[in-house]
Amino acid sequence: MLILLTLSSSYYTKLDELTLGVLEPPHPKGPLGKVNNNFRKFMLKQGGLYLNCVVRINPQLGAELLLALTISPPGYRYELDNNSNRLTNYLGTKGADEIDVCTFKFIPLVSLLQINEVLAIDVIATLCKVATDYWHEHRWVKNKLEGMPKTDIDGVTLLVGDSRKYFKGGRHALYWHRKYPWSPNIVACFLMTLEGWLYSRPTKAALERSISIIFERADTVAMLGVLISLAKCDPNLLKGSLLPLQSSLQLWVWLEFELIDRGQDFAFDFGKAWSRLSNEESQELAEFHQLSHRKISLLEIALPMWLKGNIPLDATSQILADWDNHQINFIPEVSRYRALKIRAWFEGNNWLSEKDEHGTRSFGFVGTLPEDPEVDAQAESAIGNLQHFQIVMMCRKIVDGELQKTPELHREFVTLLTSEKQLCSLQERLRKKAFIDRIWATIAVILEFPIDNLNPELENYITDYASDFSNLPISLDDGSRCQNHNMDAEAFIAHAAPKLLRRCKSETLLRSSAFRCFIGVRNCNTSAFMSSWIREYGLVHPLTQELINIVPRIARLISLTHTVSSAKVIQNFANPDGSYLAPRPEFIDEEISKREDPQIEEAWSSFQNEFEEKKNLEISIIDTSKWMPEILIQPLQQQPRWLHNYFDWDFLAAGLIPVLEAKPDSEIELDLISLLREQVLFALFHERATVYVENKAEQEEDGDNSVETELSSAQSQIIDTILKSTSSEVATRINVILQVIKNVDLVDCIVLCHIVDALSYCIVEGSSSDIIDNSFRNHIVCAVGEYLFDLRNQPESNLRFLGKTRDVWKNLIDLLWQWSQKNVKYATQADQWLMEFLKRFQEVLLVDWSLREKLYRVGKSTNYRFFRRLLFQILIQKQELLPSSRNDESELLVQLLAELWDSDRSWIIKRQPRPSDLMTLLGQLQEIDALGARRLGDEIANSLAHGSD
């Protein structure tokens, strides 16, 4: 479907209509349309616990649902994308942000492997193919490849059985199961689960069957990466079921780069693992990633097996013949030298076998290797770059506080910077950018505590490097600002600059340098600079306050820059007949990065000058949302409303989160942070309320009475930061959030859901102070619950909703009971909370069928006896709440009553009319043929008739 809009004589009035590109067809095994984000998150969180229920009941449906949740829905393709520079690492997949942790025990996939291994491997192979096809189209074809050195070819050929089979993908796909940075986490999770499954096979026959299925069903390099790890774990498999891995000459060429690629160094996400898994689960995941065989060279395993004759002669002959007659012709020229070298290694006649005095057999190479000095030099350079990378990585860890700087390292770095000979040698060995990165990493570490007195020579050297911060480049386009590199010169400058700026000889130079360093080229650099600045100068320093005050205005100006540039790009894309297609974000980024718009450049220059001259007025964040530089007023007024955004929230988060995270040292600092916290919340909710008003009419025209406005990632980070605190402080902050929501007159259920969900993760199980923890949980549930409960007394026409209240109620229920599932000793406390919760809010909870289902699911769990009794008593009094037809609710209610009878039989029998009441409920459930009702009723009736308890 191609949608074109025609421009009238008044171009800008037609921009009010949203334009689309060409709708691509859906993937055959993916979703047909958009998948609700909340549904995807619900099904994939907690290790896919809820999706696992579907897999267990209907494996085929579960497999289809698993792919529908993890393959991107069909999107729109735009014209004129030849200059596209912005690539996504999701590679056509979804779910990477919704899974809690990238684990090797993704529950629904493990269950599917147990139930139907072929179907499960098909699912994994399909998702790998989706990601690989996206990589091929958007990276390989457009020559926008990841990693250094880049992959030389887009696939490998293996001998599987009696035929050749092609596996698509680049060299770095071998590391996708190791959570490679330029690959999607959801694919890594699937592949890690497959790897764990292979390690767990109980017999050799079962393992070989699994390998056979993979070779049959898979056709991507990513799947081969898992098999290579398996081969390292059990080398004997290379003699038989994994022999095809040895048949690809191109694959051996790629494996020579494993050390340079650092292919086995990725994978473990410490932050998420320790916050979202139990200690045992986190330790198990860490051990999985640290398995000793991972960094063993496969060549060092396989080559001796060839030379000792452990590989069948007919197999080696077939492989070498295929290399010589077929595969060598398809090796790219850049890799031919390596391929010929490897071919020589695998030729048995090139080795001489010898035995020492102990009878130990060894082999010496006596053949001739091809010569290519350029390739050898490149290899040496690559190893040098690897050593450089390891040093920079060490510097990064020191700067981040993960390693302690030693006096020996400090002296070594000082010597490097003050020795012209060492600097020249380093410059000769490294590329220009790597050299600059290394210098700034070194300076950043030298300035870290403990700092020895710097000698005059070093002091002059560092001062010279810091003298031109006022000319540092800044980036305004989203593609540059959202990059997350932390080991280049810009990243280390952001960390070291606050210390270096003390050396500025004039206040003007200090202010201009601080301004440029603060904005930087990436949001992560902005955040690093602000954190370092606060550590160096404190929160109450006048210049700190000025930097905090300009954060919203910079975020606003970045947003306005995007608005003006978007309109300009759209105008440039208009066809002669007046039609146009909406440009992709990459085109807008390209327009911004050119820095050719004189009005935008003047706006930024004037803003910087005002800061340097102390002319920036202090205004609140909410007032900043309406601020426009005078030079941009006219062009902005001509733009349609849909192009306008209030802030660039990514920059706002980068600049303010370090302030919100700061530990106050005085009442003044505490008040500053508290005021900022309220201002940020008010700005967020005010913007969302405005969006609600603007979108409501359009939603209702489409027959939808709800408005869904998801939180951006940056907005979520800000809220999470505000929530991070002690238990008592969180209670206070919940009150502040609720008060702000009331002030803007918006029932923002989306934010409330996020808050409750975030708190369910940040609560530490087994807290050292159960009293604080219990009070904290009760306060959250009661405060949010009372807020929602009070809404029932207000006319619905007066209320403005973002999202649905039922989702918040469900999250509150989870907050009350899920923690006790892993801590059975706390079940009594959770049972008490649930009972009080139901008593207080039953008027709202029980009138919604989905909330009743939620309550029944909790009630049928064994440990919540008093809550279950209360549910039973309420249902007896309000039998109009019983389901009127056979459905999930009726089934859950039968299960709840069954648990009541099994675990609390004496309480039922002890007092009339409980037995008859129970039979009454079951009688009504039998009338609608509820699943299990008749059988349970007969069992209870028989038991009561025989007087059994």
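Tutor: The structure holds 41 salt bridges. A salt bridge here is a side-chain nitrogen of Lys or Arg within 4 Å of a carboxyl oxygen of Asp or Glu. This is a predicted model, where local features need pLDDT of at least 70, side-chain atom pairs count only at pLDDT 80 or more, and totals for chains, interfaces and linings use all residues. Residues are numbered from 1 along each chain as its sequence is written, and side-chain values use heavy atoms, with hydrogens and water left out.

Take R217 and D122. Their closest N and O atoms are 3.1 Å apart. R217 lies in helix α7 (residues 204-217) and D122 in helix α5 (residues 117-140), so the bridge ties together parts 95 residues apart in sequence. Helices are DSSP runs (H or I, at least four residues), numbered from the N terminus. R217 is partly exposed, at 35% relative accessibility. D122 is buried, at 18%. Buried means under 20% relative accessible area, exposed over 50%, and partly exposed in between (1.4 Å probe, protein chains only).

Next, E146 pairs with R139, with 3.8 Å between the closest N and O atoms. Both residues are buried.

E507 and K614 also form a salt bridge, at 2.8 Å from N to O. E507 belongs to helix α23 (residues 507-519), while K614 is in the loop between α27 (598-612) and α28 (621-624), so this pair links parts 107 residues apart in sequence. E507 is partly exposed, at 44% relative accessibility.

Finally, K41, K45 and D757 form one network, joined by salt bridges that share partners.

Definitions and conventions:
Helix = DSSP H or I, 4+ residues; strand = E, 2+ residues; numbered from the N terminus.
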